[in-house]
Amino acid sequence: ADLDFTMSCFRPDEADLILMTDVVYYDMLWRPLLHTLLLLSTASTVVLWANCDGYPHFTPDVPAFLRLVEEFFDVAVEED
């Protein structure tokens with residue numbers, strides 16, 4: 001249903017750049033996020049993503065998310 005909403009509002013060729021921050025927390029939401037990114041992206045779309053590595057009571061599994069998306073995107077990690 002959520003992907004239907006995204007599909008009804010956006011076309012893949014409309015996004016040259018996708019900017020996201022702090023979106024990788026719960027693994028149950030990774031696939032819907034990936035599906036949305038794949039729907040909105042073309043081969044030339046640049047996706048920039050920033051994420052905090054840890055919080056006082058929760059540390060997202062960023063490496064596992066990267067393994068999931070590396071099948072579909074070229075990934076470069078820049079560390080602060």
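This is a short tour of a predicted model, stop by stop.

**Before you start**

Residues are numbered from 1 along each chain as its sequence is written. In this predicted model, local features need pLDDT of at least 70, side-chain atom pairs count only at pLDDT 80 or more, and totals for chains, interfaces and linings use all residues, while side-chain values use heavy atoms, with hydrogens and water left out.

**Stop 1: the whole chain**

Show the chain as a cartoon. Its secondary structure comes to three helices and two strands. Helices (H or I, at least four residues) and strands (E, at least two) are DSSP runs, numbered from the N terminus. Follow the chain along its sequence and the pattern reads α-β-α-β-α. The C-alpha trace spans about 40 × 25 × 20 Å along its principal axes.

Now think about covering. Buried means under 20% relative accessible area, exposed means over 50%, and partly exposed is in between (1.4 Å probe, protein chains only). Of the 80 residues in the chain, 28% are buried.

Contact means heavy atoms within 4.5 Å. Take the contacts between residues at least 6 apart in sequence: 73% of them join residues at least 24 apart.

**Stop 2: helix H3**

Select residues 62-69, which form H3. How many of the eight residues of H3 are buried? Six are, and H3 is mostly covered. Colour them: Val-62, Ala-64, Phe-65, Leu-66, Leu-68 and Val-69. H2 and S2 are among the parts that cover them.

**Stop 3: H2 against H3**

Two packed helices are described by the angle between their axes and the distance between the axes. Here the axes of H2 and H3 come within 11 Å and cross at roughly 40°. That makes H2 oblique to H3. Axes are lines fitted to C-alpha atoms, for helices over the stretch in contact, and angles run from 0 to 180 degrees between N-to-C directions. Angles under 35 degrees count as roughly parallel, over 145 as roughly antiparallel, 65 to 115 as roughly perpendicular, and the rest as oblique.

H2 passes H3 in a right-handed crossing. A crossing is right-handed if the near helix is turned clockwise from the far one by less than a right angle, and left-handed if anticlockwise. Show side chains to see who makes the contact. From H2 come Trp-30, Arg-31, Leu-33 and Leu-34. From H3 come Ala-64, Phe-65, Leu-68 and Val-69.

**Stop 4: the rings**

Rings of Phe, Tyr and Trp (its six-membered ring) pair if their centres lie within 6.5 Å; planes under 30 degrees apart count as stacked, over 60 as edge-to-face, and the rest as tilted. By this rule there are two aromatic pairs.

Trp-30 and Phe-65 have ring centres 5.7 Å apart and planes at 70°, so this pair is edge-to-face.

Next, look at Trp-49 and Phe-65. Their ring centres are 5.2 Å apart and their planes are at 70°, so this pair is edge-to-face. Trp-49 lies in strand S2 (residues 46-50) and Phe-65 in H3, so this pair ties together parts that are 16 residues apart in sequence.

Together, ring pairs link Trp-30, Trp-49 and Phe-65 into a cluster. Check how covered each one is:

- Phe-65 is buried, at 1% relative accessibility.
- Trp-30 is buried, at 11%.
- Trp-49 is partly exposed, at 25%.

**Stop 5: the loop between H2 and S2**

Select Ser-41, which lies in the loop between H2 and S2. Ser-41 is buried at 14% relative accessibility. A polar atom of its side chain lies 2.6 Å from the backbone oxygen of Leu-37. A polar contact is a pair of N or O atoms within 3.5 Å; within protein, one must be able to donate a hydrogen and the other to accept it, and residues adjacent in sequence count only if both atoms are side-chain atoms.

Move to Ser-44, found in that loop between H2 and S2. Is Ser-44 buried or exposed? Ser-44 is exposed, at 58%.

End on Thr-45, also in the loop between H2 and S2. Thr-45 is buried, with a relative accessible area of 12%. Its side chain reaches the backbone oxygen of Ala-15 at 2.8 Å and the backbone nitrogen of Thr-42 at 2.9 Å.
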